[in-house]
Amino acid sequence: MTSIYLHRFARSVLLALLALMVLPGATGCGGPQGPGTATAADLRDISEARAGDMIAELMGELGVPLSAPWPVNDGHADPFDADFRIGETVYGIEWVSPQDRLDYGDRIPEPHATGQLQTLAGHGSDEGVQILVLDHASYRYDPDRERVQHGATGIREVESRLRRDVRDFVEYMRGQGVL
């Protein structure tokens with residue numbers, strides 16, 4: 001009989017502790033109101049160096065060769081310098097940094113509102129060239145651990161999305177018979 005009362009008491013104490021951690025205004029993890037919502041100023045971009053390393057690493061895992069930066073005729077007087085050429089194909093990858101956005105402006109397609117992957121097409125002697133455009137603004141994350149634990153987009157999620165987008169492009173190329 002005593003064990004039933006101890007079990008009920010322990011359960012009551014546990015429920016009370018959980019309520020303190022979950023209820024708004026209660027004292028517990030995250031402070032009185034829990035973590036706030038991130039503002040645009042709170043969000044961070046994956047650095048161009050990190051994105052480049054991730055792309056190169058993934059392509060190595062997939063057995064897809066990459067070449068160094070590649071000048072592409074995109075219909076403007078000066079060529080567009082894509083970050084990577086995929087082997088000797090007409091496909092490439094560009095990580096669009098904030099500086100690239102300033103330098104190239106509307107030459108680079110903006111991220112699609114639905115998250116659909118964008119490509120930049122070559123012109124003239126580079127007709128048929130397709131450059132996967134990965135814009136930094138599509139891979140922003142909240143660096144605050146507490147907000148991420150409460151559902152904000154964290155670095156792991158955006159890095160995973162970047163890897164998935166590159167993998168999807170490789171699958172597209174394989175479907176085209178290029179790789």
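Predicted model: local features only at pLDDT ≥ 70, side-chain atom pairs only at ≥ 80, totals over all residues.
Which residues is Glu-159 in contact with, leaving aside its neighbours within four places in sequence?

**View 1. Glu-159 and its contacts.**
Glu-159 is placed in helix 5. Leaving aside neighbours within four places in sequence, Glu-159 touches Ile-46, Arg-50 and Met-54. Is Glu-159 buried or exposed? Glu-159 counts as buried, at 18% relative accessibility. The cut-off for buried is under 20%.

**View 2. The whole chain.**
The protein chain holds 5 helices and 9 strands. Read from the N terminus, its elements run α-β-α-β-β-β-β-β-α-β-β-β-α-α. The chain has 179 residues, and 30% of them count as buried. Take the contacts between residues at least 6 apart in sequence: 57% of them join residues at least 24 apart.

In what order do the 5 strands of the open sheet stand? The order is 2-5-6-8-7, and the pairing is mixed. Strand 2 (66-67) and strand 7 (118-121) are at the edges. Each has a single partner strand, so one side of each lacks a neighbour in the sheet.

**View 3. Strand 6 beside strand 8.**
Strands of a sheet pair through backbone hydrogen bonds, either parallel or antiparallel. Here, strand 6 and strand 8 pair in the parallel sense. Their pairing spans 6 bridges. Look for Gly-92: its bridge partner in strand 8 is Ile-131.

**View 4. Two helices on the sheet.**
Which strands does helix 5 lie across? Helix 5 lies across strand 5, strand 6, strand 7 and strand 8. Helix 5 runs at about 170° to strand 8.

**View 5. Tyr-91 and Tyr-172.**
The whole structure has 5 aromatic pairs. One of them joins Tyr-91 and Tyr-172, edge-to-face. The ring centres are 6.2 Å apart, with 80° between the planes. Tyr-91 lies in strand 6 (residues 91-96) and Tyr-172 in helix 5 (residues 155-175), so the pair ties together parts 81 residues apart in sequence. Tyr-91 is buried, with a relative accessible area of 6%. Tyr-172 counts as partly exposed, at 34%. Tyr-91, Phe-169 and Tyr-172 form one aromatic cluster.

**View 6. Trp-95 and Tyr-139.**
How far apart are the ring centres of the aromatic pair Trp-95 and Tyr-139? The distance is 5.4 Å centre to centre. The planes are 40° apart, and the pair is tilted. Trp-95 lies in strand 6. Tyr-139 lies in the loop between strand 8 (130-135) and strand 9 (140-141). The pair therefore ties together parts that are 44 residues apart in sequence. Trp-95 is buried, with a relative accessible area of 2%. Tyr-139 is buried too, with 3%.

Technical notes
Residues numbered from 1 in each chain as written. Heavy atoms only, no water. Helix = DSSP H or I, 4+ residues; strand = E, 2+ residues; numbered from the N terminus. Buried < 20%, exposed > 50% of the residue type's maximum accessible area, 1.4 Å probe, protein only. Contact = heavy atoms within 4.5 Å. Phe/Tyr/Trp six-rings, centres within 6.5 Å; stacked < 30°, edge-to-face > 60°. Pairing = 2+ DSSP bridges. Axes fitted to C-alpha atoms, helices over the stretch in contact; angles between N-to-C directions.
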